[in-house]
Amino acid sequence: MLLEAEESQLVLVDYQHKLMPSIHEGEQALANAIRLARVAQMLQVPVWATEENPAGLGGTVESLQPFVAGRVLSKMAFDGSQVLLPRLRPAARPAQGGNARSLPKHLQKAAPPPPATRDTIVLAGCEAHVCLLQTALGLIEEELDVWVVTDACSSRTERNRDAAFDRLAAAGAELVTTEMVAFEWLQDAGHPRFKDVLSIVK
């Protein structure tokens, strides 16, 4: 099983001004989140962000804002899946028009194909053992495929972060790294953006 850019969406959980200074190895986690966002933008993968209680924890850090303009969702619940789901999996539009039932089948128009879905959610954020964990579990419950980017996640303590990864793996999330995501989205060295992506992750 490999990631495919055409089926993916990137969700960045709670990289907020007042939270990040308290996060274990927070600068490294944020740097990898920026790499992910840059690669996603380059490969036309939608990027979303959540903010937990922004009045208390501040907004998304400035370095991520260009990648999530218009796609930042505020929440108070630790599980962000409920605010994310209507965006990640929008309701199908009702069919427009239609065929008269009396038309012979050879004159009827074929139904349009269903819109392509992006049910693979690449997830990174803070704190790993609270909002990231609960959001991931909520998305898994809704039968989305969740891939957690471990080197772009953290908590205030290393122990809490690692406990979150253990629980996520047991719940069915795929644990990956920033470079795994980038190279799987590319698929091969012949991709027209290969060199551009390589310059970001190396």
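Glu4 sits in the segment before strand E1 (8-13), where strands are DSSP runs of E of at least two residues and helices runs of H or I of at least four, numbered from the N terminus.

I note that this is a predicted model, in which local features need pLDDT of at least 70 and side-chain atom pairs count only at pLDDT 80 or more, while totals for chains, interfaces and linings use all residues. Residues are numbered from 1 along each chain as its sequence is written, and side-chain values use heavy atoms, with hydrogens and water left out.

I then turned to salt bridges (a side-chain nitrogen of Lys or Arg within 4 Å of a carboxyl oxygen of Asp or Glu) and counted 9 in the structure. One of them joins Arg161 to Glu25 at 3.4 Å, N to O. Because Arg161 lies in helix H5 (residues 158-171) and Glu25 in the loop between E1 and helix H1 (26-42), this pair ties together parts that are 136 residues apart in sequence. Arg161 is buried at 12% relative accessible area, whereas Glu25 is partly exposed at 44%.

For Lys202 and Glu179 I recorded a salt bridge of 3.8 Å, N to O; Lys202 is in the segment after helix H7 (194-201) and Glu179 in helix H6 (residues 178-186), 23 residues apart. Lys202 is exposed at 66%, and Glu179 is partly exposed at 32%.

How values were computed. Buried < 20%, exposed > 50% of the residue type's maximum accessible area, 1.4 Å probe, protein only.
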